[in-house]
Amino acid sequence: MTGAVRICWHCDEPITDLEDAVLVAQDAGNSGPGWNVWAHRAHADGMEPHPVAVRALACIILVARAFPQGD
Ligand SMILES: [Zn+2]
């Protein structure tokens, strides 16, 4: 095994060539280290931010504001 399989967010195909994998986003997990969002190099060019990732991040920010921790 060579580690986790990276799936292209754009075409949902596995990225078999690590040289072809581009990190396009990082999602912060609510209770973990979060995860990386990958795309094929050809699919990463000129793409918009991942709508689901953006929505998830906005949701996390809203929750964090509604339930402040500490201070
Ligand atoms: Zn792809």
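Alanine 53 has its place in helix α2, which covers residues 51–66, and the model in which it is described here is a predicted one. With 17 other C-beta atoms within 10 Å, alanine 53 is partly exposed, because a residue needs 20 or more such atoms to be called buried and 12 or fewer to be called exposed. When residues up to four places away in sequence are not counted, alanine 53 touches Ala25, Asp27 and Val37. One of these, valine 37, lies 16 residues from alanine 53 in sequence, while the C-alpha atoms of the two are 8.7 Å apart in space.

The chain as a whole gives the setting for this helix. There are two helices and four strands in the chain, and, read along the sequence, these elements follow the pattern β-β-β-β-α-α. The chain has 71 residues, of which 8% count as buried. Among the contacts in the chain with a separation of 6 or more, 42% are accounted for by residues 24 or more positions apart.

The mean pLDDT of the chain is 82, and 86% of its residues reach 70 or more. Confidence is lowest in α2, at a mean of 81, and highest in β2, at 94, so that alanine 53, as a residue of helix α2, belongs to the element with the lowest mean.

Asparagine 36 is placed in strand β4, which is made up of residues 35–40. This residue counts as partly exposed, because it has 13 C-beta neighbours inside 10 Å, whereas a residue with 12 or fewer would be called exposed. Leaving aside residues up to four places away in sequence, asparagine 36 touches Leu23 and Gln26. Asparagine 36 and arginine 6 are 30 residues apart along the chain, and their C-alpha atoms are separated by 9.0 Å.

Aspartate 12 is found in the loop between β1 (6–7) and β2 (14–15). Aspartate 12 counts as exposed, because it has 7 C-beta neighbours inside 10 Å, and the limit for that class is 12 or fewer. Its backbone has a positive phi of about 60°, although aspartate 12 is not a glycine.

The two pairs of residues described above are set out together here.

| Pair | Separation in sequence | C-alpha to C-alpha distance |
|---|---|---|
| Alanine 53 and valine 37 | 16 residues | 8.7 Å |
| Asparagine 36 and arginine 6 | 30 residues | 9.0 Å |

Key:
Residues are numbered from 1 along each chain as its sequence is written. This is a predicted model: local features need pLDDT of at least 70, side-chain atom pairs count only at pLDDT 80 or more; totals for chains, interfaces and linings use all residues. Two residues are in contact if their C-beta atoms, placed from the backbone, lie within 7 Å. pLDDT is the predictor's confidence in each residue, from 0 to 100.
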